[in-house]
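Me: I am new to protein models and would like a close look at one part of this one. Could you walk me through it slowly?

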Amino acid sequence: MSGQRVDAKVVMLGKEYVGKTSLVERYVHNRFLVGPYQNTIGAAFVAKVMSVGGQTVTLGIWDTAGSERYEAMSRIYYRGAKAAIVCYDLTDSSSFQRAKFWVNELQNFEENCRIYLCGTKSDLLDEDRRKREIDFHDVQDYADEIKAELFETSSKTGQNVDELFQRVAEDYVSTAFEMSEEKGLDLNQKNPNTYFYSCCHH
Amino acid sequence: MAADVYKQKNEDVPNGSLVPPDRQHAERSESPTPGLAQGTEPGAGQEGAMFVHAKSYEDLTGADNQDVIPRSPYQTEGAQDELTKMEEISKDFSELSTQLTGIALDLEEEIRQNEEDKLDLSPQASRRDSVLSGEEEEDVTMETWRMHQKHVFVLSEAGKPVYSRYGSEEALSSTMGVMMALVSFLEAEKNAIRSIHADGYKVVFVRRSPLVLVAVAKTRQSEQEIAQELLYIYYQIVSLLTWTQLNRIFQQKQNYDLRRLLAGSERITNNLIDLMARDPSFLMGAARCLPMPAGIRDAVSSCLQQAKAKSLVFAILLSKNQLVSLVRKKDQFLHPIDLHLLFNLISSSSSFREGEAWTPICLPKFNSSGFFHAHISYLEQNTDLCLVLISTDREDFFTVSDCKRKFQERLKKRGVYHALLEALHTPFYSASQVGIPELRHFIYKSKSSGLFTSPEIDVPYITEEEKERLLGLYQYLHSRAHNSSRPLHNIYYTGPNENLLAWVTSAFELYVCFSPLGTKATALTAVNKLMKWIRKEEDQLFILSPQTY
């Protein structure tokens, strides 16, 4: 049906201007665009093929707009998502409140979606420690409570960005593996891996 | 290959035809006359228009009637069935113009009204000062702020700032309060403020409940044209929120701060205001076609038509605000205003280059109460070719994305893609190709197709200021030709730097710029020659066979 072969839907959520698009830019194109801030309109979709332990996984990343205007639409972007990267700006405490809002949304509507908390713009802290408005340990406690992973990234320097997405993909693969073992789900029609192919092909 | 023929021809005969000789056609009238019926003028589509026409307009914009200024005594003026297409397209605007410049049926009332409109101005300057001086302490860049050619303000009926072209809205809240006070003051008297003229400024008010839009302009535009721009800004806001949502918000909370919902859209609005000063599309109420060999365009259109999906309503291929191809669902027509809003949205953001965008968008002239979902993407990262697929189903992203893939595959399979890119790289045509020495520039609009063509603006209009000045002259001619109380069909304007001619018929509009050395007689001969040339080139310059699903 669809020409785009996507294994896992990943959605980026968070307040506007926290740097969701920059994070995707850094990860997908390995670049950081300097220039005036451009807010995302609606949502942007990018597919990224990556390799996890010799297996190919295609992440379909939905980079959503942070603007409140699109809030009512946001469900179509996170519905059925395997992973949500909920971003907040390490130098803006209000953005963390917004992140908590998204976590609640996800817990209510997408139980099976793994949550990754991502504190962005860590390079700004390297310049000036006092800019940090959100304590790492507080967020770690919160992350444990909601069973989320926590990353602090910088799209400018690239710090922790690949690690974050790699983790998303690894977690997806291990869950998919468990599920296919338990329920015999045919995940591999889209995923021509020889090992799985032989066991699930019919 | 068609593209090669096209190119070669261009080089060989500098003033000649853009059409390969085998594509010349005899079946259409060679020499257009002013009596030319609508639908037979050069550029008229052979299989019907792509845009709204008189009959479909009202059906498509039913909801829009609600946002017409309720108190307007003129809103029903004019027999609907007699409206020509042009009038339909600029219906809103002509309504406004009636209000702004028309000679009212009751002359006495008109005079009284004018007095009321202007009574606040005596003494003129001091009043305007008080309007603008509120933030003198707040804004340090006051002098430069005041020097701007055109200010645009949007406020809610509670007087809350929504948008300001320059300066922060917070700093301008008292100014906006005064604006709202002016509006309310006259409304209390069962009247409406439309414009204030003072000290070289025009202050134009447009009321579209729940918003009030105000422009303070030093430009040469008429109030009618400034009001038209304000309407575009209003539609721009509606395209983000829908009219229904906009009204619901203010019904629930009168003093709602709309900036919360519009956050991030300032750039789109700013871009729209800049674009309106540069791009004649808005003035013409029509879409500009990217010239290209008809064979290539038809092949592209049919590829686009074949990549269809159930929920697709419109598919638009464009390059730098010019239309390459448009496929629509049968019986569904796009309104030029909606198309302009799409063009503006795309040109205001480079973020569409980063993948596939999927965004809710309201096309206010099509249906102001609901959202479409637009799939926006560039065919390749480094081309200007942008594809917009408009779907009715927000869940249909992957289906629509697949349509794009199919379209691209088909283009390549048919060998059209390369030719298309080549046509894009061929420079725009220049006025010198027409072979009229004194001709500098022109704008020709076919009314039945809603399309216009215009050559590249050449010497001596090189600088941005010169280009805007030329557009300003066209604006002036346009406003004279479309003055609702005294419309003109033929205008010959002799200026210090150029002579201009405007010719408006029921089928087409032509605006021509000549060198200042020509005479009226030579201009008339030239216009005939130009019309013949446009007829000869029409299948390159226009989309003659639009496709439908």
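How many residue pairs are in polar contact between chain A and chain B, counting pairs with both at pLDDT 80 or more? Please tell me about the rest of that contact too.

Reply: Happy to! This is a predicted model, where local features need pLDDT of at least 70 and side-chain atom pairs count only at pLDDT 80 or more, while totals for chains, interfaces and linings use all residues. Residues are numbered from 1 along each chain as its sequence is written, chains are lettered from A and ligands numbered from 1 in the order in which they are written, and side-chain values use heavy atoms, with hydrogens and water left out.

Now to your question: 14 residue pairs are in polar contact between chain A and chain B, with both residues at pLDDT 80 or more. A polar contact is a pair of N or O atoms within 3.5 Å; within protein, one must be able to donate a hydrogen and the other to accept it, and residues adjacent in sequence count only if both atoms are side-chain atoms.

On the side of chain A that touches chain B, helix 1 (20–29), strand 2 (43–52) and helix 2 (74–78) each supply at least two residues. Helices (H or I, at least four residues) and strands (E, at least two) are DSSP runs, numbered from the N terminus. Strand 2 of chain A gives the largest share of that side, with four residues. By type, the side of chain A that touches chain B has 15 nonpolar, eight polar and six charged residues. Here Ala, Val, Leu, Ile, Met, Phe, Trp, Tyr, Cys and Pro count as nonpolar, Asp, Glu, Lys and Arg as charged, and the others, Gly among them, as polar.

Strand 2 of chain A also pairs with strand 9 (residues 356–361) of chain B, in the antiparallel sense and over three bridges; two strands pair if DSSP finds at least two bridges between them. In this pairing, A:Ala44 has B:Ala357 as its bridge partner.

There are two salt bridges between the chains, each a side-chain nitrogen of Lys or Arg within 4 Å of a carboxyl oxygen of Asp or Glu. A:Arg79 and B:Glu395 form a salt bridge through their side chains, at 2.9 Å from N to O.

Taken as a whole, the contact (heavy atoms within 4.5 Å) involves 29 residues from chain A and 34 residues from chain B. The buried area is about 2,500 Å², with 50% coming from carbon and sulfur atoms; buried area is the accessible area (1.4 Å probe) that two parts lose on being put together, summed over both. A:Gln38, A:Ile41 and A:Arg69 supply 27% of the area that chain A buries against chain B, more than any other three residues.
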